[in-house]
2 protein chains.
Amino acid sequence: MARIAGVSVSTVSKALNGNGRMAADTRERIKSLAAEIGFRPNALARGLLSNRSFTVGLLTNDTYGRFTLPVMAGISEALVDHGVSVFLCAIEDDPELGKVHVDAMLDKQVDGIIATGKRVDRSLPVDLAGLPVPVVYAFTEGEAGSVTLTADDRHGARLATEWLQRIGRKRLVHITGPREFASAVERAEAFREVAGSAAPVLHGVWSEAWGHAAVDRLWNEGGGKPDGIFCGNDQIARGVVDALRERGAKVPEDVSVIGFDNWEIMAAQTRPPLTTVDMNLKELGREAGLMVLALAEGRTVEPGLRKLPCKLVIRESCGGGDRRD
Amino acid sequence: MARIAGVSVSTVSKALNGNGRMAADTRERIKSLAAEIGFRPNALARGLLSNRSFTVGLLTNDTYGRFTLPVMAGISEALVDHGVSVFLCAIEDDPELGKVHVDAMLDKQVDGIIATGKRVDRSLPVDLAGLPVPVVYAFTEGEAGSVTLTADDRHGARLATEWLQRIGRKRLVHITGPREFASAVERAEAFREVAGSAAPVLHGVWSEAWGHAAVDRLWNEGGGKPDGIFCGNDQIARGVVDALRERGAKVPEDVSVIGFDNWEIMAAQTRPPLTTVDMNLKELGREAGLMVLALAEGRTVEPGLRKLPCKLVIRESCGGGDRRD
DNA sequence: TTGAAAGCGGTACCAG
DNA sequence: CTGGTACCGCTTTCAA
């Protein structure tokens, strides 16, 4: 304790926290002394008093996923500036485990909880309603009246489709994931709003293989071939590009392809590199972090689902790269 | 507080913690009462006394990576059983940020720190030596005399190469990443120990494009074509498989290909799905978690670099799948 | 302007 | 076997 080094006892507290009034030089002396001996107040003790632990819990059921990771990074980044640390809790899809983790977080007096997942239309296998701390949902479904953040799928789809039109593509199709995914449905709807209600939408699974198969189907069934393909994710896009190349169709000369996710390692390594929609996940995480923080500090946050805009990342699979917006 | 509900004050503590001797029925009564009203002791207060926060910090500079995530999951999984929570700290490659996070963790009285990265031969941009808490390194370099865990690259490479031989491949080559990576070098050495010192090793970058280019080089330069290719990671393997197909060489009939990492989403989606080396990262994380825990509890752990064995995951890119070991 | 004292929510020791 | 009391490290109120 700095008391030994200094001359006083609790004055140190006031000095370091800039509280009560006191001689400026005393304060300075104590401050520099503290810095010198590297004094750091015990956050536990402090938390005991203030009932704030400067800690939030992060619950995720997405262990290997490309969604949660950027979201987590954003959260961590946003909160570290406020002296808040993040508890990482990987709960897989195990309700038991979820409960254990939530209890542990509660014991540790977290100021709030952020729940993240891999689908907006599924909730975590653990009930977070009625907890004594605020909860924010990011990329997973929360109970009615909760604060939820997600990417604006419609916006992303519109961005992609409009871009295809802008660079002169006329015959557009959309190849995407299962109808069971709300995001697949929303993207498809937005696609049709822009491309016309007759524009074909092919639902399948979220895989490269499906992208490949969809192209086969399109090319085999006769009829006008598309010159612009908007894919539901980067993996499908990759399958599409590969299939196109195998059939001798040139990308982007003959056909433009757009992906979704901007999953760097996939999008950038495809030949040619994919133009794709980026969901700003890190930003989403940052917002989520700031929101729990606000809630924890008693500020109020408007409940409901907030959709954050996407952005288009231009690479080479569309051509038209010179015509940036 | 349960005191109001019960009849006593500090007896509750003993009852709940199973400490000092007391009437069994009193204990039971208090316990059931506590369960009933959902009493949970405040971990902060408890930590203040015991000097243990039941918390460890996890430092990582790998935000999007496929290595850290499974490692993290393993850590979290191993520690939750011991009531220990994990602070997630994404520090990118920013020393400032690293210091901020480490200070925050120290303030919060973490019982220990786990550092993870993406390369065994690079250390995090923050100095963890001489900290007042134990540190364990996983998949990143620690200072001399530290406790470090990593995958056994040689073992993995041996596994792959021996498998190629076992299924009858004679002319083996190894296509891998840059010489600057210790793991690339170790794998290459192990490959040559098994395949013979004359077996060709091609160093490049860790990308699909390089895998592709390497095959072009091999097939263009004349001379005997390999019938077994061991790749330094799954991305290279994927490039190799694609290039092979474009040249009309059949995988696995004509050429067997093995990858490294078992990065599911890549390995399983390649056509054909990749046989590949799995580094048991989750297990590695689990071990790391258990080790800091041991250290935190005062048990001693033998310092030095511990290499965990790999395992071969058989899919279809090699053939010989019937001949499991 | 500074210091003494009371607690925050627990645990541990020791006298009843 | 149980309850009182001191104390963990810090903040805050209040008196000196």
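The exercises below concern a predicted model.

**Exercise 1.** Which residues form the nonpolar patch on the surface, and which elements give two or more residues to it?

Solution. 
1. The patch consists of A:Leu48, A:Leu49, B:Leu48 and B:Leu49.
2. Together these residues have about 420 Å² of accessible area.
3. Helix H4 (43-50) of chain A and helix H4 (43-50) of chain B are the elements that give two or more residues to the patch.

**Exercise 2.** Where do B:Phe54 and B:Glu92 lie, and what is the phi of each?

Solution. 
1. B:Phe54 is in the loop between H4 and strand S1 (55-60) of chain B, with phi near 55°.
2. B:Glu92 is in the loop between strand S2 (85-90) and helix H6 (95-107) of chain B, with a phi of about 50°.
3. Phi is positive in B:Phe54, which is not a glycine, and in B:Glu92, also not a glycine.

**Exercise 3.** Describe the second largest pocket by volume and lining.

Solution. 
1. The space in this pocket is about 560 Å³.
2. Of its 28 lining residues, A:Arg66, A:Phe67, A:Lys118, A:Phe181 and A:Trp206 lie nearest the centre.
3. The lining divides into nine nonpolar, nine polar and ten charged residues.

Conventions. Residues are numbered from 1 along each chain as its sequence is written. Chains are lettered from A and ligands numbered from 1 in the order in which they are written. This is a predicted model: local features need pLDDT of at least 70, side-chain atom pairs count only at pLDDT 80 or more; totals for chains, interfaces and linings use all residues. Side-chain values use heavy atoms; hydrogens and water are left out. Patches are made of residues with over 30% relative accessible area and no salt bridge: like charges are joined within 9 Å, nonpolar side chains (Val, Leu, Ile, Met, Phe, Trp, Tyr) within 5 Å. Accessible areas come from the Shrake-Rupley method with a 1.4 Å probe; for residues, only the protein chains shown count as cover. A salt bridge is a side-chain nitrogen of Lys or Arg within 4 Å of a carboxyl oxygen of Asp or Glu. Helices (H or I, at least four residues) and strands (E, at least two) are DSSP runs, numbered from the N terminus. On a 1 Å grid over the protein atoms alone, a cavity is a set of points where a 1.4 Å probe fits but cannot get out, and a pocket is an open set with protein on both sides within 12 Å along at least five of seven lines; lining residues have an atom within 4 Å of a point. Grid points are joined across faces, edges and corners, and a volume is the space filled by probe spheres set on the points. Ala, Val, Leu, Ile, Met, Phe, Trp, Tyr, Cys and Pro count as nonpolar, Asp, Glu, Lys and Arg as charged, and the others, Gly among them, as polar.
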